[in-house]
Amino acid sequence: MVMRKTKTRLFGILACLLVFFSLSAQKTSKAWVFINSDSASANVLQMLYESRNRMVQDPQSPRFVMIDRSGKYVLGLGGFVAANISSDFNGLSDKDFVIYDIPVPTAEFKDNKFNFALDQSRIFLKLVGDTEMGRLIAYIETDFRGGSGGLLHLRQAYVSFKHFLVGQTWSTFMDLDGTPYTLDFEGPNSMLSIRQPMIRYSWPITGKWMLEGAAEVPTISYSTRTNMTALSYPQSVPDVIVRASYSAGFGHVQLAGVLRTLVVPDTLVNKSNHSVGYGFAFSGTVNLPAGFKFQYQATYGKGISHYFNGLKNRGLDLLYNPETRSTSLVPAWGGYVNLARTWGRGGIFTSNLLYGLADVNIHDNQLPHQYKKGYYFAVNTVWTFLKYGTIGIEYLHGERKNINGEKGDANRINALLRYNF
């Protein structure tokens, strides 16, 4: 009952905000005008295009916008409705295809579970303005995966002005342009994928080179050798991240590095134990003939499992031994390759063939059932059947391998219907 009342209140608040903006626009018609992006001027379209989200699964330019009479400020409301249908052959029954959660060995009972989820749907507001001092962007985005599902959940909220960005968005350690597209909400386990609060500075050196640096809010997940339960502890030093990218007609390449201080409590002397983690990621895209594109990423580091899509919050950043009061950073490495192709008349079809691997190097015979490595395979095709509507189908296969060599696997069929607004 409490959950139902909370949902009702949230949707009520959203409805009131929409009504407020509508009434405000009517009362201030001399200042703001509602338009459809299809009929927007070239200047407005350029402002929206230059500020578009680079993450392939994020909402793109808003369909409906308010523009002031000067044409210097644009307020857009957009998002999409996404209906995701999945059927599991075996191994997994959760709505997200998480390699770490695959039972080992594979359960004798083949759980053919059917899922229908709408919580991937998004709503966002974006303000883009050309001020006297430079371009200003304010952005807020939510989905409906809060709580146990169905509640609003903050994904991104930031302000970008000139070269600075302050707020929560995708980590600087990631390569947004090299991210493969999957219908699966989780995505490949080896992909760097995390949104966190930060302060970032972007420096376009030339038209092709970009250098960026950020201080991002740290989160660690550690465990003890006697109990692999994931634990967390407040951190005092932000993660420092630097990335450099080069873009040209062939595609792009990117090199990123992260340096982080990991602090865990020393339970015997009521003090803290400090370790320094680090990581590097090399990634990029290659544009090929006939509509093909090749995407890749390779990552290695110690104490950086937090940044891996399939390893975060699993206690794999660091291991603490309470008997010796010592810590050891967990080495992790992984990567993926993806072959994408846009085809059909007008490029209405897009297909992806993706393979990924994520490995953690824990060599401890006392932890035989602990995760060692996981494989992710996906093949999909998406059809843009309307200007703002897409439908797609996808096959997923995953495998988990433990330290003792035991394996488990899972298979899934995904279907997605998405309409953008």
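Strands here are DSSP runs of E, at least two residues long, numbered from the N terminus. With that in hand, find T285, which sits in strand β14, residues 271-287. Keep in mind as you look around that this is a predicted model.

So what surrounds T285? Leaving out neighbours within four places in sequence, T285 is in contact with D177 and G178, with F250, G251 and H252, and with the run K293, F294, Q295 and Y296. Is T285 buried or exposed? Its relative accessible area is 6%, and the cut-off for buried is under 20%, so T285 counts as buried.

Follow the chain on from β14 and you come to the loop between β14 and β15 (292-302), where A290 has its place. A290 counts as exposed because its relative accessibility is 53%, the cut-off being over 50%. The backbone is worth checking here too: phi of A290 is near 60 degrees, a positive value in a residue other than glycine. R325 is another such case, with phi near 55 degrees. You'll find R325 in the loop between β16 (318-321) and β17 (326-329), and at 37% relative accessibility R325 is partly exposed. For a cis peptide bond, go to the step from V104 to P105, where omega is near -5 degrees. P105 belongs to the loop between β3 (73-90) and β4 (114-117). As background, most residues other than glycine have a negative phi, and most peptide bonds are trans.

Now step back to the whole chain. It has two helices and 22 strands, and buried residues make up 47% of its 421 residues. How do contacts span the sequence? Among those between residues at least 6 apart, 63% join residues at least 24 apart. L125 lies in strand β5 (residues 122-131) and, at 29% relative accessibility, is partly exposed.

On to the interior. In soluble globular proteins, nonpolar side chains tend to be buried together. The largest nonpolar core in this model has 27 residues, and those with the most contacts inside it are F173, Y307, L311, L316 and V360. Two elements, β13 (251-266) and β19 (349-360), each give two or more residues to this core. Apart from it lies another core, of twelve residues, including V65, V74, F124 and I137. Back in the largest core, L316 is a handy place to look around. Beyond its neighbours within four places in sequence, L316 is in contact with Y100, S221, M228, S305, L311, V330, V360, I362 and Q370.

What kinds of residues make up the lining of the second largest pocket? It divides into ten nonpolar, eleven polar and eleven charged residues.

Methods:
Residues numbered from 1 in each chain as written. Predicted model: local features only at pLDDT ≥ 70, side-chain atom pairs only at ≥ 80, totals over all residues. Heavy atoms only, no water. Core = buried A, V, L, I, M, F, W, Y, C linked by side-chain atoms within 4.5 Å. Buried < 20%, exposed > 50% of the residue type's maximum accessible area, 1.4 Å probe, protein only. Helix = DSSP H or I, 4+ residues; strand = E, 2+ residues; numbered from the N terminus. Contact = heavy atoms within 4.5 Å. Nonpolar A, V, L, I, M, F, W, Y, C, P; charged D, E, K, R; others polar.
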